[in-house]
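Keep the structure open as you read.

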Amino acid sequence: MSSHEHPLGISFEFFPPNTDAGRDKLIHVRDELAARKPRFFSVTYGAGGSTQARTREVVRAVSESGITTAPHLSCIGSEKAQLRDLLAQYREEGVDSLVALRGDMPSGMGSIGELRYANELVEFIRAETGDHFDIAVAAYPESHPQAPNLDKDVENFARKMKAGANMAITQYFFTADAYFNFVDKARALGVEQPIIPGIMPITNYTKLARFSDACGAEIPRWIRKQLESYGDDSEAIAAFGTDVVSRLCQRLLDGGAPGLHFYTLNQSAPVLKIVDNLTD
Ligand code: FAD
C-alpha cells in the first residue's frame, strides 16, 4: 500500500452516465472521491456491447484523476477476437487493472459467445496478456442467483480465482456474517487472494428493493420494515441508511476485511458520510 493511500483500502465504482450532465457531474464526484486517496476506481460495462464504448470513454476521463481506474469487462455474447481487440486497446491506453465478469445475456440476444463463464475469461486474459493486468472477479456471499447452492457457487468462485485473478469484489449484502461465512468457505478451498466486500449505500428504498431482487442480495426484514416506515422521507432514509451501512462496514473491517469497495451510483455524499464514520 502506498503511504498516500487511505488507510482502510477503499475503492469506488461508477457507471457510464447517459447524458452530458451526468458526465459533468461524474467528474465532480470523481474529484471529491479522489481526495480520499482510494486504491482504485472502477467503471461498469454493459453486456453485449451497449455501453462498451462509453465504459472506455469514462475510464479515460476518470483516470485523469491519477487514480488507477479499472474497466469492468464481460465475456457473455462476445467472440474472442472482440475481447482480444478490447484488451489491446486498454493496454495501449495505459490500463493495467480489470474487473473480469461473465455478465448477463441481454434478453433477445442471440449467441452466448465463445467464453461461457468468468473463469474462462480470466484464463483467456492471462493467455493473451500474461501478467499485464491486475484482475478482479465477482463474489457472491449470499450465492449467485443462478447457482444451485452456496457450496457449488464457492467451488465455481475458487476455480475462477485459481485461473489467475488477483482479488475478488463481492456483490453487496447487509449481513456481515454472510461475508465471513463466504470467506471461510473460499479459504477452505485454497483461495488466498483478498476478497473485498462490495458496499451499497442506502439512499432510495424502492430502487434498492428492485435491484436487490434482481441480483439476489437480501435486505433483512428489520431494515426493510424500517425503510418502509419512512415512506418518501428521503432524509430519514439517508440517515438510517448511513447508520446501518457504517456499522456493517465497521464490523467487516474489525473482522479482517481487506478493504471496502463502494457502489457509488455516481454520487459522492452517501459514501463519504459512511467513510467518515469508519475507524482504522
Ligand atoms: P461467473 O463467475 O461465471 O458465475 C456465473 C454463474 O455460473 C454462477 O452461478 C456460478 O456459480 C456459475 N459458474 C461459474 N463458473 C462455472 C463453471 N465453470 N461451470 C459451471 N457453472 C459455473 N454485470 C455487468 O453486466 N457489468 C458490470 O460491469 C458488472 N460488474 C459487476 C461487479 C461486481 C463486483 C459484481 C459482484 C457483479 C457485477 N456484474 C456486472 C454482474 C455480473 O455480471 C452478474 O452477476 C453475472 O450474472 C455473473 O457474472 P460472474 O462474472 O460472477 O459469473
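Start at the side chain of Asn119, where an N or O atom sits 3.2 Å from a nitrogen atom of the ligand. Bear in mind that this is a predicted model, so distances like that one are computed from it. Next, look at Lys160: an N or O atom in its side chain is 2.7 Å from an oxygen atom of the ligand.

On its own the ligand has 980 Å² of accessible area, and the protein covers 85% of that. Which elements give two or more residues to the shell around it? They are helix H4 (118-129), helix H5 (150-162) and strand E6 (167-172). H5 gives the most, with four residues. There are 24 residues around the ligand in total, and the ones that come nearest are Tyr45, Asp104, Tyr140, Asp153 and Lys160.

From here, move on to the largest nonpolar core, which has 86 residues. Phe157, Leu252 and Phe262 are the members that touch the most others. Helix H9 (residues 234-254) is the top contributor to this core, giving eight residues.

Leaving aside residues up to four places away in sequence, Phe157 touches Val137, Ala138, Ala139, Ala168, Phe182, Ala186, Val191 and Ile195.

Methods. Residues are numbered from 1 along each chain as its sequence is written. This is a predicted model: local features need pLDDT of at least 70, side-chain atom pairs count only at pLDDT 80 or more; totals for chains, interfaces and linings use all residues. Side-chain values use heavy atoms; hydrogens and water are left out. A nonpolar core is a set of buried Ala, Val, Leu, Ile, Met, Phe, Trp, Tyr and Cys residues joined through side-chain atoms within 4.5 Å. Buried means under 20% relative accessible area, exposed over 50%, partly exposed in between (1.4 Å probe, protein chains only). Contact means heavy atoms within 4.5 Å. A residue is near a molecule or strand if one of its heavy atoms lies within 4 Å of it. A polar contact is a pair of N or O atoms within 3.5 Å; within protein, one must be able to donate a hydrogen and the other to accept it, and residues adjacent in sequence count only if both atoms are side-chain atoms. Accessible areas come from the Shrake-Rupley method with a 1.4 Å probe; for residues, only the protein chains shown count as cover.
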